[in-house]
Amino acid sequence: MLTLQCPYCGVAADETELSAGGEAHLKRFGPGSSEEEFHDYLFTRENPRGVHFERWRHSHGCGKWFHAARDTQTLEVFGTYKAQTTEPPKDIRDAITAKRPGWTWRDVA
Amino acid sequence: MSKRLPTHGRLIDRSKRIGFTFNGKPLAGHPGDTLASALLANDQMMVGRSFKYHRPRGVVASGAEEPNALVNMGQGAQFEPNQRATTTELFDGLVSRSQNHWPSLEFDLGGINKHLSRFLPAGFYYKMFMYPRAFWKHVYEPFIRQSAGLGQAPRDRDGDTYEHFNTFTEVLVIGGGVAGLQAARTAAQSGARVLVMEQTADWGGRAPVDGGTVDGAPVERFIEQTLAELQAMDNVTLRSRCMGAGVYDHGYVLGYERLTDHLPMAEGPRHRLWRVRAKQVITATGAIERPLSFAGNDVPGVMLAAAMRDYVVNYGVAPGQRIVIATNNDDAYRTAICLKEAGLDVLRILDARNSGGGTLMNRARALGIRIDCGRAIAKVGGGKRVKKVQICAQDGVGGALEEIACDAVAMSGGWSPVVHLWSHCGGKLIWDADQAHFRPDPDRPPTGADGAGFVTVAGSANGELSLDAALKDATEAGKSAAVAAGFKPRRGKAPNATATPEAALEPVWLMPREAHVGLRSKSWLDFQNDVKVSDVQLAAREGFESVEHTKRYTTLGMATDQGKLSNINGLAILSDALGQPIPATGTTTFRPPYTPISMGAIGGEARGDVFQPIRRTPMYDWHAAHGADWEPVGQWRRPYAYVQSGETVHDAVMREVTNTRQNLGLLDASTLGKLIVKGPDAGRFLDMLYTNMMSTLKPGRCRYGLMCSENGFLIDDGVVARIDDDTFLCHTTTGGAEHIHAHMEEWLQTEWWDWQVYVANATEQYAQIAVVGPNARKVLEKLGGMDISRDTLPFMAWADGQIGGFDCRVYRISFSGELSYEIAVPASQGLAFWTALHAAGQEFGVMPYGTECLHILRAEKGFIMIGDETDGTVIPQDLGLDWAISKKKDDYLGKRAQARSHMTDPTRWKLVGLQTEDGSVLPDGAYAVAEGRNANGQRNTQGRVTSTYHSPTLGKGIAMGLVLDGPDRMGEVLEFPDTEGKSHSAKIVDPVFFDKDGEKQNV
C-alpha cells in the first residue's frame, strides 16, 4: 500500500486516502480529431515496468487531483506535483534522471 | 505409541490438569500444551485424513508449518474449521473434531480413493471431468462438491469481536527468537522506536530446544536478559501471539494478534489486526525443516526431526518409543541425542551421506546409537501408525536390505529460511548450494518510496543457521536498520555464542536416489493436498515446465499451509525432471498472509450496523412510523412503499400509484443530488458537461439535461435550474450525487483549470418533497404564502418564497406526468414541512408514496431511469433522446465518441415500449429471441427488457426495452423466453403509455 505526498495539503497520504486516476498528461481530443487520435486518447495507455506518471486524487483528504512520478517495479516515488500542468515539471524530470539516467516515457525524457 | 514423559516439558505446568475433547472423547493435558502436544500425550497419533485420498495423517511438525493437524474447533458461534493443532494453545474445555472423513476418523469411506489413486493422477480434474458433457450436472459436480473443501463451514454468525489497530514505528522486528531479540535490542539502543512481533506465546524461538551458550551462560539466560532489557526500554513494544502476516508497499505491514484464542472466556476482541507503517522492517522469521521424500513418509508417526525434539523438550511428550531417524545433515543428530537422553530407544540413524556427519554424529555414537551411513528409508510400513521401516542404500532403486520394527520415524532434509515476508513486496532470493536452500539476496531487497531497501533479514531466516552466526547477523541487522531509519547505533559487539561445527549437508530430494515408481508414487511432497513425487514428475513430462504451471496442475503448495514443507522439495523434483539446476526453476510467488488469518480480523469492527454508513433523510423516522418498506439506494434508505395494515407490498404500490394519479401523493425526494455550480464560467462549464445547452437557460427556469462520459455513454440525468447569471443548481440521480460531483471536480481541476467555477455538493443541506397529483396546487394554495399559479409558475419554472410559513424553493417539474411541484426547504425544516403538507393534504386525499410507485409513474410516461434503461453501454441516441442533444455546440463530453462508427451504427438497439398480448408482466431483463443461433449455439437475440411493471392506471403490464430497429417495427410481436422455459409474447408499442400530450402536468 503506497504512501504519496499530496502537493496541495502536504499530507503523506496512505493509499486508502487516495483514488488512482490512471495515466497522467493525456491530451484531450474532441470533435474534429481523427479516429486514430481519439482512439489513442480514449484507450491507448502506457504500461511501463519502470518510470511512470500517474494521476491520483486525495479523495478522502483535500479532494485535489495531483500527479505522481514513480517506478512501477521498485515502487520508488520520484515526486508528486500539482495537476495543473501538461507535462512533468523540470525538477521532477531532474529527480528521475538522477536515479534513472537515460529514462524515457512517451516523448518525455 | 506416543505418550507423556516423566521428565522434560519446559513449557508445561505439570501441577495442573485441564480437560478437552477430541471427536467427543474426553482427554487431559497441562497448561502450556498445544492441542497437538496434548493429543500426542494421549497417544492420538492419527489426527485427520488427507484431502484427496483420505489417507490417515498425524502431526508432522510443531509450529506454523504443520500441514496435517487441522481440526474443527469450538461450537456454535465460536465454531471455526481448519485450526492448526500445533499453534493452538490448550485451554480448559477446548472442543475439537478431526476433519475430512466420513463416517469417522478411524473408518472412512473416502479412503477408497487411495486405492483409486492411479486413476486420480495430477491434473485429474482437467482430464477426467471433461466429457461426456451431460455428466457434469448429475455426476461430476455432486462428486466434486462432496469432496471439496477442508473442514466445515460455520453455521452460526461469528460470536466474537475483532479490531484493527493502526500504528507507526521506526523499526519493526518480526520474530522473537534469539535473532529477533538481539536485532531489536541493537536497534532500540539507537533510540529508535521498535515494535517486536512474535507469533507464539513464548520468546526465544528454537534456541532453548537446540541449546548452546551465549557469553558463557546457557542460551535461556541470554533470552531472559535480553527480554528484560527490552521490556525496560520505553521505546520498545513487545507483542507475543502476534504474527507478522504480510509486508506490503512502502513499509506497510499487517500483524495478526491472537488475543483470546487461549482464553475463551476473556472479555474483549478475539483478534487484533495491526496495520503498521514501519520505516524499516527486520524479518527474523527463522527457518523450517524440510521433510525427506520416501515412500510412506506421510504415515502417522513420521515427523520432522526437530519437531520431535520440540515435543520432548517443550512439552515432555515422546512421539514414539522406538524411533528410526533419517537425515542428510547433522542437525537430526541433536534429535537423536535428545531422544536418547530422554530415555527413548533410538534404533537407528540412517544418514544418507556416505561419509556421515561430524561432531554431533560422534556424540550420538558415544551414546550407543547405531548409525548407518549411505543408507535410506525405502518404505515405511503401517496404515494408521508407523509399524516398521525398510532400509535400503541411498544410491539405488530401493531394494530392501533390512526391516526394523519401530513406532516413529524422524526425518530431516535440511533447513529452509522463512523468506516469505522478505519476498512479499519484491525481495529476491539467491540459491545457497552449500545449504541447499534459497535465502534472501541482500543486494535485491524490497524497496520503499525512496528507492532504498526497507527490509533486513536476521538470523536463520537469512541462512545463518548456527547460534553464533545468527547472533552476529542479527546484531548487524539491528544496526543497519537503525541507520536506515535515521538513528545512530551504539557501538558494541555481538554476543559470543558457542558453535558446534557441523559437517556439510548433502542434498537429498528423493530417498533412495533412484527410487522406482512404486516408491515414488507413495512419496509425499505436499501432505495437505496429497501431491507425490510421481505427480510432479508427470506434470513435467506433460509439459508443465514453469514452476507456476506445475503448482497449479498438481496443486503442490496450494493448500492452507501454502507449501511451507513442500515447495523446495517439489521444485527440486521438478528441476531434476527437467534436467536443470534448481535456481533455473525458481520459486513460486510468496503471497501474504504467512499463515491464514481470520476473516473476522480482516473485517475488524466493520460489521453489522457499522459495516457502512446509512444515510437517512430528515423524514426517515416519519417514514419508519408509517409502514415504510425500505429499499437501499446507494447508502440511502428510501421507502419502497408505505404498507398499511392488511396490505401486501404490491397492494401498497398499486394503491399509491392510483392515489397519486387521482388525488395527491407526497414523495421524499431529498436524496436527489443537488450540486451548486457557480462562477463566471459556470454556463460554459455546464455546456461541456451536459449534452444540451445550459448557458442559454434563463434565471428562474429549469431544463432537463443528460450527462455523458467521454466515452459517449449516458451516466446521469436530472433537472438543472439557473439561480442567477453565475449560479446553477444541478439535480443528479440519488446514487449519482457523489460521483457526478467528483466528475465535475476532475474536469475542472485537470482539464479546464483556468475556468472560474466552483462546485459544491449541497445534497444534504436541503430536504426536498415532491407534491404530486391533480390536487397538488390545492394543498399548496391552502397552506398559502406564494403565487404558484399556472401563469406565475409555469411548467419548468422555479421560484423562491414561502409556503405555510416555510422558506422554500419551488420547482415546477414532474417525473410522473402529473401536476407536480418539487419543494426544497432547509434540511432542518424537512420533517416539519412534510408533516404540514401531510396534515393539510388530508382533505385532498394525500398519501405518501415510495420509490416503486415513482418507477411505475415514470414508466407509464416513458421516462427513462438511469440504471434501468442505461447500463454503461447505452448512449442518449439509443433512448430517442436526440432532442436533448444540442446540435449547436462544438463540443461536450461524449460528443466526439458519439460520432464513432459503432455509436452511429443504425443497428444499435433502440428504446420502445413493450406490451404483452395477455396483459401480464414481462420478466425483467428477458431477451427477445431472433431467428438462428450464434457461433456458441445460443439463440440469436434482437432486444431486451429494461423496465417492466404492472400499471394499475392501465390495468395491465407495461415495459420498456431496447430492440433492433425498434421504432420502425411498431405493432410487431416479439418472443421473450424466461428462465423457467416459458415464452412471453409482447408487441412493440410507443414507450409513452399514458397522457402522451402531457395535458395532466401542464394544468
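Let's start with a definition: two residues are in contact if their C-beta atoms, placed from the backbone, lie within 7 Å. On that count, the contact between the chains takes 21 residues from chain A and 20 residues from chain B. The side of chain A that touches chain B divides into 10 nonpolar, 6 polar and 5 charged residues. Here Ala, Val, Leu, Ile, Met, Phe, Trp, Tyr, Cys and Pro count as nonpolar, Asp, Glu, Lys and Arg as charged, and the others, Gly among them, as polar.

Now, a word on what we're looking at. This is a predicted model, where local features need pLDDT of at least 70, side-chain atom pairs count only at pLDDT 80 or more, and totals for chains, interfaces and linings use all residues. Residues are numbered from 1 along each chain as its sequence is written, while chains are lettered from A and ligands numbered from 1 in the order in which they are written.

As for confidence, the predictor gives the complex an ipTM of 0.98 and a pTM of 0.91. Chain B averages a pLDDT of 94, and 96% of its residues score at least 70; pLDDT is the predictor's confidence in each residue, from 0 to 100.

On to chain B overall. Its C-alpha trace spans about 115 × 70 × 55 Å along the principal axes. There are 25 helices and 51 strands, taken as DSSP runs numbered from the N terminus (helices are H or I, at least four residues; strands are E, at least two).

UniProt, in an unreviewed entry, lists residues 170–420 of chain B as "domain: FAD/NAD(P)-binding"; such annotations may be inferred rather than shown by experiment. That span is 24% helix and 37% strand, with its end C-alpha atoms 21 Å apart.

Let's zoom in on one sheet. In chain B, 5 strands form an open, parallel sheet in the order E18-E26-E20-E21-E22, where strands pair if DSSP finds at least two bridges between them. Strands E18 (302–304) and E22 (371–373) of chain B stand at the edges with a single partner strand each, so one side of each has no neighbour in the sheet. From one strand to the next, the twist averages 20°.

Which residue in E26(B) is the bridge partner of B:Ala326? That's B:Met411. Strands E20 (residues 322–327) and E26 (residues 408–412) of chain B pair in the parallel sense over 5 bridges.

Last, the helix: H8 (residues 305–315) of chain B lies across E18, E20 and E26 of chain B, running at about 90° to E18(B). Angles run from 0 to 180 degrees between N-to-C directions, and axes are lines fitted to C-alpha atoms, for helices over the stretch in contact.
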